[in-house]
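Work through the exercises below with the model open. Each task is followed by a worked solution.

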Amino acid sequence: MKSFAVRTLAAAVVLAVGSAGAPAAFAQDNIRIIAPASPGGGWDQTARAMQEVMQSEGIVKSATVENVTGAGGTIGLAQLADKEKGNPNVLMVNGLVMVGAILTNQSAVTLEQTTPIARLTGEYEVIVVPAASDIQTLGQLVERLKADTGAVAWGGGSAGGTDHILAGLITQAAGADATKVNYVPFSGGGEALAAILGGHVTAGVSGLGEWLGQIQAGELRALAISSAERLEGIDIPTLKEQGIDVELANWRAVVAAPGIDDAQRKVLTDAVGAMVKSDGWQKVLADRGWMDLYMSGDEFAKYLADENARVSEILKTLGLVS
Amino acid sequence: MDALLDGFATALTFANVGWCLIGVTLGTAIGILPGIGPALTIALLLPVTAHLDPTGAFIMFAGLYYGAMYGSSTTSILLNTPGETGSIITAIEGNLMARQGRGAAALATAAIGSFVAGTIGTVLLTLLAPLVVKLALRFGPAEYFALMVVAFTTVSGLLGASRLRGMISLFLGLAIGLVGTDALTGQARFTLGILQLLDGIDITVVAVGLFAVGEAFYVASRPELRNVQIIPIKGSLWMTREEWARSWKPWMRGSFIGFPFGALPAGGAEIPTFLSYFLEKKLSKKPEEFGKGAIEGVAGPEAANNSAVAGVLVPLLTLGLPTSATAAILLAAFQQYGLQPGPLLFTGNSALVWGLIASLYLGNIALLLLNLPLVGIWVRLLAIPTPLLYAGILVFATLGVYSYNQSVFDLGMLFVFGIVGYLMRRFDFPVAPCIIGMILGPLAEQNFRRALSISQGDHSVFFTHPISATLLAIAALIIVAPFLFRLRQRRPSSL
């Protein structure tokens, strides 16, 4: 008897999920995810992973990804704020890099004009020196920074990006003059890595995942990681435990268009929340090595505002924003 | 050696040979289309291949990368429309050969040259990878700047009949290269407040605009050109004995120039083609044929761009260091499979690595087998009536550029540069120096400023670093040597 009931129930569920005409099964019929960067990058990968999981988990009937490239994502942001205003079926991927780009590009549209949905994933940054360097600990690097800030050449990604911001924050927290930070931006992690391995710069900053292989192989020495606590399975001390009170995650999040009402916002927030909790998303995180940094609602809105304040202050000190 | 043999065993399975063939065919096709490059294609294929066995996927990607380099030479030669920036130099002599009915020979020398270079590059990858990586890491900003100075001196070989016009074209390219966010300070330069210009002007848009669209406009503006029937084939379809004799040395030289550039983090496939062209022009017994369709000018650069691809794989596989856009995407692909390229890849996943290397040998053979028989079909493109042919080029150029970023702004830029390209042809300005200025200018500037930033403003770094000093000396020699030769030639006559 029991098995019959279970089977009937199962069949009903299959019918409900399987039949396309059952609107109740989907939080949203269709959704378009704007990846404000070209295919292949982090934002694009996030958007495409969301698309796949939301569809396969039955959260939405259909999801599409639109790449709007350029200017650190601010072109996509402008499109979201203008063209999509009030459209409840659009999400846009963004991240810490966009906060910086809005400031350095003097973008007319800011993240405040969007509707915050949730922070999804992120990556912590590592500070490294080449294996041959005579700098053994973060303390020694800090000593050099204090003695002559300009003599420490930092290598990392683009000017005003996460790596640059972290170099500035560390210098500031060390009590040295952050206006004198000698940051050498390289295009792409590859060029920066080559400059560090070749000993052309003093130290390097980048996302952990990008350089983990070289760290494990012993070609780079990791001095510190920018997380609050040590990461499981990764033997790198945090900045905080070494006396530098800085914590920074290169986060990725989703926002929605401006001008949607609270009910529409809740539908999107719930849909993203359901996606994050699904097995499909957890598998994506594990496969790609992404950290789960899920945070939603008003908590995320406040976080976004705080990050904006912190980033604009350090970019001003670094001389990138007047 | 055993490892390589095992690699062949991996690569020669039925499925992997299939992936290799799919890769080279797809690569050839995207190479032919201007705008769509291997980086974009692999990025779009990544989600599809997520469920494949990684070895098969990488074998396909590598075939695609090689195939794209080869395919772009076809349109360069026949239509003066480079599909990839690495084939811009090929268009110069190759298209002139095609107009004289030697298109098939030009395609053949490009195909065989690519095969020779790809194979030499793969051999060098097999044998010398650790050594080449060590050398590449010695290149810091100061060394790159010196290398760019050497590359600039070789531009003289491309200036064309009028040096003044050539220089103007070069400076136009340098100016275009300045547009966008300054890489070192993040400040906008010459963007006129237009958001889309913050990322700079894409080299693909400029190259396709100046070459393909400019050419189409020019042909359309000249009624007498419209009715000129280009002779598709004059003489033998294949390369003559003389053409073989004039090709093999440039193939070899091009292979050895291209490989180390691919391994350099800021080298790329373009700069070795400039150097190869310059070198072949200097070494040729018939330098007067350059600018009129010299086969050396096709053979050398085509070999150089293909062996650069093999070079790119050296730092990627040994250090996890991507040195081109395509390599960066390949790196993302490795990570998708949970593989970490780097020193541990060779020990941890040796079957994959050696299977990949072995498949490169096979891919080269597959490309040659695929392309040589097609040469006869490709040259018939030239038998299409001119108006239809150029209309087709315009369609492909527009599609290609649009698919690159899905940006309407880019399409506008494409046609602006098309008009510039038309005017340059109308008033006899060579277009190649403009592209070279655009590629070299930003690299030279950024590395100059990075070097000074690291040295805290001390200019002597360029002379105290041995590699940099040597390169600058070579550049000085290239500039001074012609004057010295002239002086020596004059002396006996004045006696």
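**Exercise 1.** At what angle do helix 5 and helix 12 of chain B pack, and how far apart are their axes?

Solution. The model is predicted: local features need pLDDT of at least 70, side-chain atom pairs count only at pLDDT 80 or more, and totals for chains, interfaces and linings use all residues. Residues are numbered from 1 along each chain as its sequence is written, and chains are lettered from A and ligands numbered from 1 in the order in which they are written.

Step 1: take helix 5 as residues 88-137 and helix 12 as residues 296-319 of chain B; helices are DSSP runs of H or I with at least four residues, numbered from the N terminus.
Step 2: the angle is about 25° and the axes are 3 Å apart, the axes being lines fitted to C-alpha atoms over the stretch in contact, with angles from 0 to 180 degrees between N-to-C directions.
Step 3: helix 5 and helix 12 of chain B are therefore roughly parallel (under 35 degrees).

**Exercise 2.** Find where B:Phe190 and B:Gln456 lie, and state the phi of each.

Solution. Step 1: B:Phe190 lies in the loop between strand 2 (188-189) and helix 8 (203-221) of chain B; strands are DSSP runs of E with at least two residues. Its phi is near 50°.
Step 2: B:Gln456 is in the loop between helix 18 (432-454) and helix 19 (461-464) of chain B, with a positive phi of about 55°.
Step 3: most residues other than glycine have a negative phi.

Note on methods
Angles under 35 degrees count as roughly parallel, over 145 as roughly antiparallel, 65 to 115 as roughly perpendicular and the rest as oblique.
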